[in-house]
Amino acid sequence: LVGVTFGALFASFSRVDIEKVISESELSIPTIIYDINGKVIDELFQEKREIIPFKDIPENLIKAFIAYEDKDFYKHHGFNTKRILISLLYNLRKIIFRQKGVIVGGSTITQQLAKRLFTESEKTIFRKLRELWYTVQIEKKFSKNEILELYLNEVYFGHGVYGIKAAADFYFGKNVKDLTLAECALLSTLPQSPVYNSPILYSENSKKRVKMALDRMIELKFTTKEEAEKSYNKLWEELSERNFASISSPYFLTTSKAPYYTDAVLQVLKKDFSSDDIYKKGLRVYTACNLDYQLVAERFLKEALDKLNKEYLANTKNKNDYILNNYLD
């Protein structure tokens with residue numbers, strides 16, 4: 001019965017065309033609104049993400065993820081049996097002796113990708129079997145570099161940020177190619193725990209995790225101890241100067257340069273496109289707005305309104321003073 005059950009399960013999995021599903025699965029990409037000269041007015045999104053090809057991902061970033069997440073990535077065929085058994089024994093010990101702490105996973109990068117693309121987040125044996133099946137199929141259909149490219153563009157980095165390019169911009173205000181060694185290490189720690197490894201929310205824990213990631217890179221001879229320490233110290237100096245006080249999401253970093261115009265464009269888009277189209281399909285919207293003129297017009301409008309408000313308040317104060325003085329008399 002067990003054999004027939006597992007046979008039926010895997011038969012049902014095998015009917016899925018992995019290549020077709022992945023090619024048809026579109027990552028959520030922001031819609032960008034441009035003015036008449038090609039300047040960006042605003043972005044509309046639910047998931048802040050920008051796609052980047054593998055050739056544009058720096059070597060240090062790839063090494064950081066390999067070291068922290070899956071050091072045998074280029075050796076295994078999807079999953080690491082030894083790693084799974086070690087994590088299983090470790091977690092069983094914690095459960096049996098009722099020890100506190102985080103449950104450790106044994107997932108490879110390919111398993112994590114399979115989980116995100118093909119399974120739900122519930123922790124069941126059936127879900128794990130599906131994940132392993134899809135992991136093997138992904139490894140058969142795609143090269144290691146293609147798997148890494150998919151993973152780094154898909155994975156969640158916390159604070160509403162998806163994909164490595166958007167993460168580099170949000171946390172450091174940089175292009176991916178300009179990331180330092182320690183910045184790459186920091187980003188590699190986030191997918192495992194986007195909240196508790198966040199340098200914004202839990203800086204002390206983030207420091208420990210980045211140090212751990214750099215130590216693993218040193219152990220694998222991806223960098224030297226001197227380079228790691230120098231980059232590590234510089235990272236926290238620069239982050240301390242970056243104002244995260246009022247930022248909890250990239251939504252707050254993206255402010256429309258012409259909010260009234262953006263709102264008018266959005267109303268037009270809603271007539272012809274669904275919400276998914278507008279916020280997830282990466283539309284490129286070209287408008288008749290001249291952003292330079294728009295900004296000048298809005299500045300003059302603000303100045304005129306401020307002047308009117310001051311005059312109104314002054315007149316109101318004079319009127320109230322006159323009424324009050326007559327009442328007292």
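Reader: Helix α8, residues 164-172: is it mostly covered or mostly exposed?
Author: Mostly covered, since 7 of its 9 residues are buried. Buried means under 20% relative accessible area, exposed means over 50%, and partly exposed lies in between, with a 1.4 Å probe and protein chains only. Helices here are DSSP runs of H or I with at least four residues, strands are runs of E with at least two, and both are numbered from the N terminus.

Reader: Where does the model come from?
Author: This is a predicted model; local features need pLDDT of at least 70 and side-chain atom pairs count only at pLDDT 80 or more, while totals for chains, interfaces and linings use all residues. Residues are numbered from 1 along each chain as its sequence is written, and side-chain values use heavy atoms, leaving out hydrogens and water.

Reader: Which residues of α8 are buried?
Author: I164, A166, A167, A168, F170, Y171 and F172.

Reader: And what covers them?
Author: The cover includes α3, α7 (144-154), α9 and α11 (225-241). It is judged by contact, meaning heavy atoms within 4.5 Å.

Reader: What comes just after α8?
Author: G173, with a positive phi of about 65 degrees.

Reader: You listed α3 and α9. At what angle do they cross?
Author: Roughly 45 degrees, and the axes of α3 (residues 59-69) and α9 (residues 181-189) come within 8 Å. Axes are lines fitted to C-alpha atoms, for helices over the stretch in contact, and angles run from 0 to 180 degrees between N-to-C directions.

Reader: What is that angle called?
Author: The two helices are therefore oblique to each other. Under 35 degrees counts as roughly parallel, over 145 as roughly antiparallel, 65 to 115 as roughly perpendicular, and the rest as oblique.

Reader: Which residues of α3 and α9 meet?
Author: From α3, N60, L61, A64, F65, Y68 and E69; from α9, L181, C184, A185, L187, S188 and T189. By class, the contact has 8 nonpolar, 3 polar and 1 charged residues. Nonpolar covers Ala, Val, Leu, Ile, Met, Phe, Trp, Tyr, Cys and Pro, charged covers Asp, Glu, Lys and Arg, and the others, Gly among them, are polar.

Reader: New topic. Where is A288?
Author: In the loop between β3 (284-286) and α14 (291-328).

Reader: Why does A288 count as exposed?
Author: Because its relative accessibility is 64%.

Reader: How many helices and strands are in the chain?
Author: There are 14 helices and 3 strands.
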